[in-house]
Amino acid sequence: MHVIVCVKMVPDTTQVKIDPVTNTLVREGVPFIMNPFDAPAVEEALRIKDIYGGKVTVLSMGPPMADAVIRKAIAMGADDGILLSDRVFGGADTLATSNVLANAILEISKKEPVDIIICGKQTIDGDTAQVGPGIATRLGFNQATLVDKIVSLDLTKKRIVVRRKLEDWFEIIETSLPSLLTIEKDANRPRYPSVPRRIYAEGLSIPIWNNYFLKLDPNTIGLTGSPTTVKRIFAPEKQKGEIFEGNGDGNGTCFAVEMILKNLENWKIIRSTQNV
Amino acid sequence: MKPVESLIFAIIFLVAMVVFIRRIYTLINLISLGNWEYRFDRLWERFKNMVFYGFLQKKVLKKTFGFNHFMLFWGFMVLLPINLEFVLSGFFPKFSLSFIGEFPYKLLNMLADIMSAVVMIAVIFAVLRRVVIKPSYLESTKEAYIILSTVGFLMAAYFGMNITAIDPKEKDLILPVSEFLRTMIISGMKDSELYILNRIFWWVHASLFLFFLIFIPYSKHLHIITSLPNCFFRNFSFPTSPSKMQFSKNMSFGISKITDFSWKDLLDALSCTECGRCKASCPANISGKTLNPKEFIHTLKKNLMENGLYIISNRPFDTIGKPMPVLNYPVPLIGNGEGSINEESIWDCTTCGACVEVCPVFIEHFPKILNIRRNLVMEEVRFPEELITFFENIEARSNPWGIAPSERGKWAQHLDIPIFSKNENHEYLLYVGCMGSFDARTKKIINSLVTVLNTASVSYGILGSDEMCCGDALRRLGNEYVFDSIAIKNVNLFKKLNVKNVITICPHCYNTLKNDYRAYGAEFNVFHHTELLNMLYKNQVLKRDFAFGEKSIVYHDSCYLARYNSIIEEPRYVLKSFTGKLPLEMGNSKKDTFCCGAGGGRMWLEDDAATRINRERTKEALLKKPNIIATSCPYCVTMFEDGLKELNVNENIQVLDICELIVEGLKIVKDTEKEKIIEEKRRVANG
Ligand code: SF4
Ligand code: SF4
């Protein structure tokens, strides 16, 4: 079983502010972390390995310092990692990114065929959730997004059953391998790396693949290969909240409760309570 | 004594000696399975320690019943030469110690006679204590009764021998007890009868004596032999800081098997007297948790016995005859079986140090627990689940809640507190800590301190959003790897800013900055705010104000202040300075304080509602019927407030930090000589 996990280094967005004047992200001094959705993806891959054996390879595209997230995944237990890093990959949108990742996976699978690709559901810096499906489409893999549980996996029949977490319900689907899964954040609790693993991962040199190696058409990668342009980034204005105060009068009515109900009715969040 | 008797005795004696010496040899072998640790410095001081704590039993005497033990011990010391004479006279019937001089010899015999009676009485007391009083921490084992009765009968045989002696060797010996018994019991017996009786007593005495000799190293009374060296090799100071670790490839971290301990740890395990004092003062145990420090040490001993004996007889040797490591140990260190430590109990410890404080033979329990945590966290990755988020939050955001570091200085936004800087010549760095920065309750404390500092015109600054967690809880929970990186960053930051003096409100930050960071090259002075307030009152920068005269205040000592760092009088002086009287004292106070339950990282662990430590402590405080529970630790404040809620206390009892109390009654002298006083203060601060 060979599982590839795609991870991304992102700025810790809880610490990112938007510059009100220039409308751009203020990234100074903001630490970079592994995309929080990707840790459960790594964990899911490691769980597959724990049960069925095989190998987990981590793949990431980003600047040279993005090897930190690959090291983190290796510290958690992944076997290998490859960093896709080249100036010409920079500035890519989801279309161009999935192109590079898909081609890198093709390259990897020449030596070791890939059975499952796992991505986080989305990243916290872009929130598009498009790269995973993009990779699957380009590689012709079956895909299951929003997976919060792998129900079963049959290696001989090459079948996998997963549970997808949709807005109001779960969907259990079965598909055949090779396939790509995107994982929900609460699918599992990512393991904490041991210190010997951390020291081992720190000491590794992570191979870097650039475009001399991948030889992709420059028009399909990086900024040139990205049809998306960002017009403006802004923080939506927060609506002011309102506080209703009041105590119950002892006869089952309370001013605060009544006011809240009335407003919820007005906003059509609940149906009229008058007839109830 | 007939020659044939001497021969028989010689044979039995030699057999007994062989058994005894072999056992001692094995025990030394077992101890040397531990890792090397240097404990041979300051030999004279070590010797003095052995005299005071080993021979004079200073710590034993702290408890009421310690006197009984003292008497038993000194009875033995006096009887030792007499028994030597006894043994030698078994070989050479003419042998006598009388060559030491007539007077000393007489005195020795008289003392021995009296002490034998004292020992008998002490034995009776010890038995009564076990049968009648039955203290919960003292398990009455069969072993204890065997020992006590052996000692009792040994003394009886001694008297028997003395009173049946037909012609006492030296007629003029003064043996008051024996003489008394002789007139009471055997007057009028025939010499031939006496002779037979005398021989019987002699043989009973001889066999009991030899039995005792062999039994000691096989029983808990091994401590008779081991506790003296254990006092000799003790740690001179309270173990405030675990050792700094190195991190590199192919190393193992923490303790996973008995031979990972140091030889001194193993000697600890063999020195336990099973007195139960540690158990009786362990807050975790008292509140019903699994941990029992006495059992912990005893389990280490069992584990060492099982595994050590196996290793000694099964270890392979390499070609040059050096022993090679044994890979599989028959009894795991952590597990549920006999001789293994229960894993849950490892997480129960608050590192409060009460066990170490009371142990009469200087056994150090919780440092061993920490070393086991290190292994569980760093190698096994086995720890309570809630700690994952805690560890990750501190590593990524440098605070337990994972709040953005940029928010750290927010509490001070409207207070106009300067950021600490070299150029401003700030005298003190106010290290706020995670609790002070983010915890709503603790923010009030830090605000009060700021008011006091401003009123006293102390020159200080804060780090704002550059401040980082000190890493105390990480270290006490065994995550040394992340602690190490935090400590390096903090010490570097402080050095870069040329920090000379640090103030902190949290005893845990205090201990970490002051003691843990030493090994990382920290050279700054650290002051707990109670120390600084004490100076301010002593120097009359803060005026004494007796506004609290009517309210009764009970003071709770934080373990990390009182026990770890001996800050005991300072907070009391401060309280006295503005209330006019010393605070009420709980039963367990000062060095014998009882933990609030939050130390050792337990603040961040889920706590089983049935066994909360803070409830025990709050109950103890309530016994004093206080209006105010005063303390000087943010954890303790939280724990008492929770305790009051859990106990559904209706009376209006406040839990306040000392500096909050001051703010309420603050008055300041606008002393013209203030400059001079500040100068003086600076001098004190700089040491
Ligand atoms: S340090 Fe405190 S909690 Fe831990 S074993 Fe000792 S007495 Fe018990
Ligand atoms: S460890 Fe110390 S305090 Fe505890 S039972 Fe043994 S000797 Fe007594």
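Reply: Here they are, and please keep in mind that this is a predicted model. To begin with the surface, chain B exposes about 30,200 Å², and carbon and sulfur atoms supply 59% of that area.

Me: Why is K581(B) called partly exposed?

Reply: The relative accessibility of K581(B) is 40%, and the term partly exposed covers values between the buried limit of 20% and the exposed limit of 50%, so K581(B) counts as partly exposed. As for its place, K581(B) is in the loop between helix 24 (569-579) and strand 6 (584-585) of chain B, and its C-alpha atom is separated by 37 Å from that of K410(B), a residue 171 positions away along the chain.

Me: And why is H298(B), which is in helix 12 of chain B, not called buried?

Reply: Buried would require a value under 20%, whereas H298(B) has a relative accessible area of 22%, and therefore H298(B) is partly exposed. Helix 12 spans residues 293-314, and from H298(B) to A685(B), 387 residues apart in sequence, the distance is 45 Å, C-alpha to C-alpha.

Me: What makes a residue part of the surroundings of ligand 1, and which residues are they?

Reply: A residue is included if one of its heavy atoms lies within 4 Å of the ligand, and for ligand 1 the residues include C282(B), P283(B), C349(B), C352(B), C355(B) and F366(B). The space that ligand 1 takes is the second largest cavity.

Me: How do you know what classes of residue form that shell around ligand 1?

Reply: Cys, Pro, Leu, Ala and Phe are among the types that count as nonpolar, while Gly is among the polar ones, and sorting the shell around ligand 1 in this way gives nine nonpolar, three polar and no charged residues.

Me: What does the shell around ligand 2 consist of?

Reply: Ligand 2 is surrounded by 13 residues, of which the closest are C272(B), C275(B), G276(B), C278(B) and C359(B). By class, this shell divides into seven nonpolar, three polar and three charged residues.

Me: Finally, how many helices and strands does chain B have?

Reply: The secondary structure of chain B comes to 28 helices and eight strands, and its C-alpha atoms fill a box of roughly 100 × 65 × 50 Å along the principal axes.

Technical notes:
Residues numbered from 1 in each chain as written. Chains lettered and ligands numbered in written order. Predicted model: local features only at pLDDT ≥ 70, side-chain atom pairs only at ≥ 80, totals over all residues. Heavy atoms only, no water. 1 Å grid on protein atoms, 1.4 Å probe; cavity = no way out; pocket = protein on both sides within 12 Å on 5 of 7 lines; lining within 4 Å. Sits in = over half its atoms within 2 Å of the grid points. Helix = DSSP H or I, 4+ residues; strand = E, 2+ residues; numbered from the N terminus. Areas by Shrake-Rupley, 256 points an atom, 1.4 Å probe, with all protein chains shown as cover. Buried < 20%, exposed > 50% of the residue type's maximum accessible area, 1.4 Å probe, protein only.
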